[in-house]
Amino acid sequence: GSGFVPGPAFVFVVDVCTAEEELRVLKSELLHVITRLPENALAGLVVFDSLVRVYDLGFSECFRVVLFHGEREISSEQVH
């Protein structure tokens, strides 16, 4: 194997129906925190408004993103 041992997992959840200035400050703070996470940490970001976007931050070249529409009902098996 690669020798990578997963460390602690962090999931950040952001309601983007927030004032623009607050979002700017939040973005800055999140970037500050993420750069200080342990190298083996797992990190995810959930952003929501009428859509829920789940970002897997473990990919450096491109993010893996899963979208959930707020008007559709899905089972936990479909989410998995």
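Student: Why is D49 called partly exposed?

Tutor: D49 has a relative accessible area of 34%. Buried means under 20%, exposed means over 50%, and partly exposed is what lies in between, using a 1.4 Å probe and protein chains only. The 34% of D49 falls between those cut-offs, so D49 counts as partly exposed.

Student: What kind of model is this, and how are residues numbered?

Tutor: It is a predicted model, where local features need pLDDT of at least 70 and side-chain atom pairs count only at pLDDT 80 or more, while totals for chains, interfaces and linings use all residues. Residues are numbered from 1 along each chain as its sequence is written, and side-chain values use heavy atoms, leaving out hydrogens and water.

Student: What makes D49 and R53 a salt bridge?

Tutor: Their closest N and O atoms are 3.3 Å apart. A salt bridge needs a side-chain nitrogen of Lys or Arg within 4 Å of a carboxyl oxygen of Asp or Glu, so this pair qualifies.

Student: How many salt bridges does the structure hold?

Tutor: There are 3. R24 meets E20 at 3.3 Å, N to O, and R24 also pairs with E21 at 2.7 Å. Together, E20, E21 and R24 form a network of salt bridges.

Student: Where do E20 and R24 lie?

Tutor: Both lie in helix α1, residues 20-34, and they are 4 residues apart, about one turn of the helix. E21 is in helix α1 too, 3 residues from R24. Helices here are DSSP runs of H or I with at least four residues, strands are runs of E with at least two, and both are numbered from the N terminus.

Student: Is E20 buried or exposed?

Tutor: Its relative accessible area is 61%, so E20 is exposed. R24, at 47%, is partly exposed, and E21 is partly exposed at 47% as well.

Student: What makes a group of residues a nonpolar core?

Tutor: The members are buried Ala, Val, Leu, Ile, Met, Phe, Trp, Tyr and Cys residues joined through side-chain atoms within 4.5 Å. The largest one here has 8 residues: F12, V14, L30, L37, A41, A43, L45 and V47. Strands β1 (9-15) and β2 (42-48) are the elements giving two or more residues to this core, and β2 gives the most, with 3.

Student: Which residues does L30 touch?

Tutor: Leaving aside residues up to four places away in sequence, L30 touches F12, V14 and L45. Contact means heavy atoms within 4.5 Å.
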